[in-house]
Amino acid sequence: MKVSGFLRVLPAIAVAGGALVVSPAAHADNSRLNESVAANVYTIQKQHGCDTEIKINPQLRLAAQWHANDVLNNRALDGDIGSDGSTAQSRANAAGFGGIASETVAINPALAISGVEILNQWYYRPDYMAIMSNCANTQIGVWSENSLDRSVVVAVYGQPG
């Protein structure tokens, strides 16, 4: 393409680029973050002598997704109870999981959250450490959501029934 042809196309590119700037942000693909959370839980379990392998469970991931979206969109929420009064157990049951469920929730008042920030929130809370290091929790589902000023990560742990 010649420079003159490029200059004719440039305004169209600028308009298209401008449309991208004002469009709402697309959902990020947080799969790497979610997988790293599961890997970090696996490491914590190994450090506590667990012999079992923790496995990703799609039903628990769905329960985590529901709660992450709820916490992201309801600023009054800051933990395990949902805006409808639901618990980790009731959400896991609704997602089709038939065992015992528990969860950990991390909230960061920023666009992003790192694995280090997640572990800093969970590692030093005795109740969350007890959940993560419980060898009976052999299944996990992790989901994270972000907005411009809030990031939420939920891990739902399961003991198959």
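Is Asp149 buried, exposed or partly exposed? Asp149 is partly exposed, with a relative accessible area of 43%. The classes are buried under 20% relative accessible area, exposed over 50%, and partly exposed in between, with a 1.4 Å probe and protein chains only.

This is a predicted model: local features need pLDDT of at least 70, side-chain atom pairs count only at pLDDT 80 or more, and totals for chains, interfaces and linings use all residues. Residues are numbered from 1 along each chain as its sequence is written, and side-chain values use heavy atoms, without hydrogens and water.

**Confidence**

The mean pLDDT of the chain is 84. A score of at least 70 is reached by 83% of the residues. pLDDT is the predictor's confidence in each residue, from 0 to 100. Confidence is lowest in helix α1 (residues 3-22), with a mean of 42, and highest in helix α4 (residues 88-94), at 98. Residues 9-26 have pLDDT below 50, and beyond near neighbours in sequence this stretch has one contact in the model. Contact means heavy atoms within 4.5 Å. Where pLDDT is low, the predicted coordinates should not be read in detail. Helices (H or I, at least four residues) and strands (E, at least two) are DSSP runs, numbered from the N terminus.

**Salt bridges**

The whole structure holds three salt bridges. The criterion is a side-chain nitrogen of Lys or Arg within 4 Å of a carboxyl oxygen of Asp or Glu.

| Pair | N to O distance |
|---|---|
| Arg75 and Asp149 | 2.9 Å |
| Glu103 and Arg91 | 2.7 Å |
| Arg125 and Asp127 | 2.7 Å |

Arg75 sits in the loop between α3 and α4, and Asp149 in the loop between β3 and β4, so their pair ties together parts 74 residues apart in sequence. Arg75 is partly exposed, at 45% relative accessibility.

Glu103 pairs with Arg91. Glu103 is buried at 2% relative accessible area. Arg91 is buried as well, at 5%.

Arg125 is partly exposed at 34%, and Asp127 is partly exposed at 39%.

**Nonpolar core**

The largest nonpolar core has 35 residues. Such a core is a set of buried Ala, Val, Leu, Ile, Met, Phe, Trp, Tyr and Cys residues joined through side-chain atoms within 4.5 Å. Ile118, Trp122, Ile140, Val152, Val153 and Tyr157 have the most contacts inside the core. Trp122 touches residues including Val37, Thr104, Tyr128, Met132 and Ala155, leaving out those up to four places away in sequence.
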